[in-house]
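Please consult the sequence and the structure alongside the text.

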Amino acid sequence: MSQDSKADSKTDLQVKAAEVSATGLANAAESAAGGTECICLADFEPLAKAKMAAQSWEYVCAGAGDEITVRWNEEAYRRIRLKPRILVDVSKLDTRVNLFGQEHAFPILLAPVAAQKLMHPEGELASARGASAAGATMVVSSFANTRLEDVAAVAQNPLWFQLYAQTDHGFTRELVQRAEAAGYRALCLTVDTATTGARNREARAAVKLLPIPNFAKFAGAGNDVSLHTGSQNVFKSVLDASMSWKEIEWLRSIAKIPFLLKGVLNPDDAELAVKHGVAGIIVSNHGGRNLDTLPATIDALPQVVEKIAGRMPVFVDGGIRRGTDVLKALALGASAVFIGRPYIYGLGAAGEAGVTQVIRILRREFQMAMALTGRSNVASIDRSLIWT
Ligand SMILES: Cc1cc2nc3c(=O)[nH]c(=O)nc-3n(C[C@H](O)[C@H](O)[C@H](O)COP(=O)(O)O)c2cc1C
């Protein structure tokens with residue numbers, strides 16, 4: 001963790017003007033897109049759309065099927081009402097959380113998003129730099145367009161690595177060892193993608209993905225592995241559809257860093273995750289990109305949290321667009337949240353500066369929501385915050 005983010009972690013309500021007024025980004029984004037200032041996360045979308053190639057835009061937005069789950073992920077947060085307390089001293093806000101022995105200045109991390117050179121020429125390097133400047137941890141996708149070592153080389157803040165396990169165990173082991181050697185602090189195995197979903201919108205736009213250098217040495221793949229969505233064979237060769245709990249035990253046994261499962265929705269699977277000794281789980285429906293009509297993740301979270309009953313940290317992603325969403329997720333039992341598309345819109349709109357600004361705005365909104373509900377630290381955010 002950088003000194004900066006540590007120093008910043010106990011922030012009072014007088015957040016620096018630059019953070020609130022988005023000056024840094026405003027400059028970058030103004031020159032990029034004609035004078036619009038980004039005040040909230042939604043403001044980045046039109047800027048990103050204007051700058052990104054049409055196919056890339058479709059790739060980011062796309063969900064599975066009729067995109068019902070994509071919509072539910074966001075809508076579900078809007079239905080949840082907050083129950084504030086008044087006359088609580090919130091002159092000092094402490095947003096710090098400790099995850100697996102690491103202190104994070106605030107409970108917002110960046111979810112793994114593949115193929116970021118589609119959104120910006122500097123791809124994952126820009127995201128990692130932008131995340132570091134804002135003091136956030138980024139989870140780097142194994143389907144990145146940049147080698148995992150190269151992303152690690154530019155990051156000032158700890159990174160986590162997302163793993164798509166392979167049928168070739170030797171290859172998977174090597175990938176894990178490479179991530180550990182490069183200093184990644186945790187491993188998130190994605191378990192909700194035995195195959196890709198029916199991404200009609202992606203297919204219509206004929207999205208072509210770029211090469212994935214982390215897989216350059218993948219057996220028989222040559223130097224140019226890419227995940228053309230139309231080419232199921234290539235995709236199959238890099239996703240392990242036969243994966244079961246046996247592999248989880250094996251992976252856990254080889255991983256030296258905390259090992260998490262990403263993509264748990266069913267409380268019974270959460271229980272199995274505890275039994276198989278994983279370090280944490282991420283309640284996720286892959287941003288609605290795999291199976292349509294799965295519930296919104298914030299609707300699934302409470303049952304998972306109840307089942308886990310404090311035995312390990314539970315995280316959530318999907319549809320988080322406001323500081324109040326972060327607050328609600330924590331109130332319902334999440335230890336921290338991940339955002340996906342919002343920082344990618346920041347990346348598309350203004351590169352590194354856009355990513356930084358997205359995180360700062362969300363963090364600032366989260367602080368406001370804490371103050372206005374009478375919560376001065378993360379430990380005091382609990383279910384009593386939810387209006388029932
Ligand atoms: C363009 C795109 C690419 C993604 N790539 C990956 C990936 O490589 N691995 C993974 O586990 N999840 C991937 N995800 C899912 C995200 O990690 C996360 O679960 C989701 O984006 C959260 O929802 P949100 O976009 O509403 O914040 C991707 C999501 C998007 C939008």
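The axes of helix 15 and helix 16 come within 7 Å and cross at roughly 60°; axes are lines fitted to C-alpha atoms, for helices over the stretch in contact, and angles run from 0 to 180 degrees between N-to-C directions. This is a predicted model, in which local features need pLDDT of at least 70, side-chain atom pairs count only at pLDDT 80 or more, and totals for chains, interfaces and linings use all residues. Residues are numbered from 1 along each chain as its sequence is written.

**Helix 15 against helix 16**

- Helix 15 and helix 16 are therefore oblique to each other, since angles under 35 degrees count as roughly parallel, over 145 as roughly antiparallel, 65 to 115 as roughly perpendicular and the rest as oblique.
- Gly323, Thr324, Val326 and Leu327 of helix 15 make the contact with Leu362, Glu365, Phe366, Met368, Ala369 and Met370 of helix 16; two residues are in contact if their C-beta atoms, placed from the backbone, lie within 7 Å.
- This contact of helix 15 with helix 16 has seven nonpolar, two polar and one charged residues (Ala, Val, Leu, Ile, Met, Phe, Trp, Tyr, Cys and Pro count as nonpolar, Asp, Glu, Lys and Arg as charged, and the others, Gly among them, as polar).

**Burial of helix 15**

- Helix 15 spans residues 323-331, and eight of its nine residues are buried (20 or more other C-beta atoms within 10 Å of the residue's own, with C-beta atoms placed from the backbone; exposed means 12 or fewer, and partly exposed lies in between).
- The buried residues are Gly323, Thr324, Asp325, Val326, Leu327, Lys328, Ala329 and Leu330.
- Their cover includes helix 6 (68-79), strand 5 (108-110), helix 14 (297-308), strand 11 (314-317), strand 12 (336-339) and helix 16 (341-372).
- After helix 15 comes Gly333, with a positive phi near 115°.

**Helix 13 against helix 14**

- Helix 13 (residues 267-275) and helix 14 have axes that come within 9 Å and cross at roughly 35°.
- Pro267, Ala270, Glu271 and Val274 of helix 13 meet Gln303, Val304, Lys307 and Ile308 of helix 14, a set with five nonpolar, one polar and two charged residues.

**Ligand shell**

- The ligand is surrounded by 23 residues, the closest being Ala111, Ala114, Ser141, Gly287 and Gly340 (C-beta atom, placed from the backbone, within 6 Å).
- The shell has nine nonpolar, 10 polar and four charged residues.

**Whole chain**

- The chain has 16 helices and 12 strands (DSSP runs numbered from the N terminus: H or I of at least four residues, and E of at least two).
- Of its 388 residues, 51% count as buried.
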